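I opened this notebook to record what I looked up in the structure. The entries run from the whole chain to single residues.

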Amino acid sequence: MNARAPAILDHLASLADTTRSRLLLLLDRHELTVSELCGIMQLPQSTVSRHLKALADAGWIAARAEGTSRLYMMTRPSTSSGRPERVEGRDELDPSARRLWLLVREQVGPSPAAAQDQRRLQAALAERRTKSQEFFSSSAGQWDRVRDELFGDRFHLAALAAFAPSEWTVGDLGCGTGQVSAALAPFVARVVAVDASAAMLQAAKKRLHGCGNIDLRRGELEALPIDDGRLDAATLMLVLHHVPEPARALAEVARVLAPGGRVVLVDMLPHDRDSYRVQMGHVWLGFSDDHVRRLFSESGFEDIRIVSLPPDARAKGPGLFVATGHKQMQPRRHEDTKKS
C-alpha cells in the first residue's frame, strides 16, 4: 500500500508554475477579478482561469461574488494566536504552506515579470479610483437624491446609535410608537421605553415585536416608573412640550440616570403656532435656549450644549433643537453661610 505523499509536495507542485506564483503575488494583498488579472498579466482569460482553478483546488486562493463578478484573493494564514483568521467562504492557509509561500515570494518577487505585474497592478487600482471619482464628479449635484433613492434618508441617523456603548441601559422617555427604541435596541444592552399613552404603547408593542431587550412601561415623565440611577442615558424626543411641568420631568430624568449619565432632548424652538395647543395638545410653544439651559442646570446637569438643527426642506413644522448634558458625578453641596 503506497503511503500518502507529504502535503508539502503538493504545495511545491502548485507553486512550481511561474504563472501561478505571479498570480499569488498579485492576490496576496489584493482582491482582483479575472478581467483585471488578464490585463495585469497580459494573458488570455482561458489561461488565467485555468491557473486560478488549479490554485483554488489546492487551497491557495478563494473567491467571493461581487455583483456579476468574482473577486479572487489568497487564502488567509492562521493568526499568531493559533486560531485561523477566517473570512466567509475562505479556509485558512496551513502554517507549512505559508512558510513555503514566503520563501517562494522572496525569490519570485524581484523577477522582471513580477515587477511588470506590480506596475500594471497599480494602474488597475488607479483605474478603480478614477471610475469612482468620475461618478462623484458627475453626480455631486445629485448625490443626495441618488443616495436617498438607494438607501433612504435616515440610514445615517440610525447608524449613529452605534456610538452608544453596548453595555448601556437607555431610557426612551416619551417613546410614542417606539421609533427611537427600535433604532437603539440593536446597539445597547437594554432599552426602557416609557409613555403615558396606552394607545401609543400598543403601537410601540407592534413595532417592537421581536426585540427582546426593550422593556415597555406606562408612566408619566413627571413620575417615571424607573428606579434611581438605573439608566446610562436617556432620550426625550419631541415630548417635553406636552409636559405641564418640564422642570419636574427633567428632575425625574436626573433621578433615574446614573452619575455621569447623559440626556438628549430634542424639541421645538419658540414659535407662534397657537393652533397646536388645540390640535395636538401642546402645552408649550417651543423652548428658548435660556429656558432649556435653566431647566437642565436646576435639574443637576452639566456640560450643557444646545444646538439648533438644520431645517428639513420637506418639514412643515417649527424648527428644532437638540440639547445634551450629563448628570453631575456628585450632588451639589450647598455651602453653609452661617458663621460659627
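**Entry 1: the whole chain**

I began with burial: of the 340 residues of the protein, 37% count as buried, where buried means under 20% relative accessible area, exposed over 50% and partly exposed in between, with a 1.4 Å probe and protein chains only. I note that this is a predicted model, in which local features need pLDDT of at least 70 and side-chain atom pairs count only at pLDDT 80 or more, while totals for chains, interfaces and linings use all residues. Residues are numbered from 1 along each chain as its sequence is written, and side-chain values use heavy atoms, with hydrogens and water left out.

I found 13 helices and nine strands in the protein; helices (H or I, at least four residues) and strands (E, at least two) are DSSP runs, numbered from the N terminus. The accessible surface of the protein comes to about 20,500 Å², and 53% of that belongs to carbon and sulfur atoms; the areas come from the Shrake-Rupley method with a 1.4 Å probe, and for residues only the protein chains shown count as cover. I then looked up contacts, meaning heavy atoms within 4.5 Å. Among contacts between residues at least 6 apart in sequence, 61% join residues at least 24 apart.

**Entry 2: helix 2 and its partners**

Two packed helices are described by the angle between their axes and the distance between the axes. I looked up helix 2 (residues 18–27) with helix 5 (residues 95–108): their axes come within 10 Å and cross at roughly 100°. The axes are lines fitted to C-alpha atoms, for helices over the stretch in contact, and angles run from 0 to 180 degrees between N-to-C directions. That makes helix 2 roughly perpendicular to helix 5; angles under 35 degrees count as roughly parallel, over 145 as roughly antiparallel, 65 to 115 as roughly perpendicular and the rest as oblique. From helix 2, Ser21, Leu24 and Leu25 meet Trp101, Val104, Arg105 and Val108 in helix 5. The residues of this contact divide into five nonpolar, one polar and one charged; Ala, Val, Leu, Ile, Met, Phe, Trp, Tyr, Cys and Pro count as nonpolar, Asp, Glu, Lys and Arg as charged, and the others, Gly among them, as polar.

I next looked up helix 2 with helix 4, which pack at an angle of about 80° with their axes 10 Å apart. That makes helix 2 roughly perpendicular to helix 4. Here Thr19, Arg20, Leu23, Leu24 and Leu27 in helix 2 meet Val48, His51, Leu52, Ala54 and Leu55 in helix 4. This contact divides into seven nonpolar, two polar and one charged residue.

Is His51 buried or exposed? At 6% relative accessibility, His51 counts as buried. His51 is found in helix 4 (residues 45–57) and touches Asp17, Thr19, Arg20 and Leu23, not counting residues up to four places away in sequence.

**Entry 3: helix 3 and Gln42**

Helix 3 (residues 34–41) is mostly covered, with six of its eight residues buried. I list them as Val34, Glu36, Leu37, Cys38, Ile40 and Met41. Gln42 follows helix 3 and has a positive phi, near 55°. Most residues other than glycine have a negative phi. Gln42 lies in the loop between helix 3 and helix 4 and is exposed, with a relative accessible area of 58%. Gln42 touches Leu37 and Arg120, not counting residues up to four places away in sequence. Gln42 and Asp117 are 75 residues apart in sequence and 8.8 Å apart in space, C-alpha to C-alpha.

**Entry 4: two further positive phi values**

Leu238, in the loop between strand 6 (231–237) and helix 11 (246–256), has a positive phi near 50°. At 40% relative accessibility, Leu238 counts as partly exposed. Asp303, in strand 8 (residues 301–308), also has a positive phi, of about 50°. At 54% relative accessibility, Asp303 counts as exposed.

I found two aromatic pairs in the structure. One of them, Phe296 with Phe301, is tilted, at 5.4 Å centre to centre and 45° between the planes. Rings of Phe, Tyr and Trp (its six-membered ring) pair if their centres lie within 6.5 Å; planes under 30 degrees apart count as stacked, over 60 as edge-to-face and the rest as tilted. Both Phe296 and Phe301 are buried.

Ala247 lies in helix 11 and is partly exposed, with a relative accessible area of 39%. Leaving aside neighbours within four places in sequence, Ala247 is in contact with Leu295 and Ser299. The C-alpha atoms of Ala247 and Ser299 are separated by 7.2 Å, although the residues are 52 apart along the chain.
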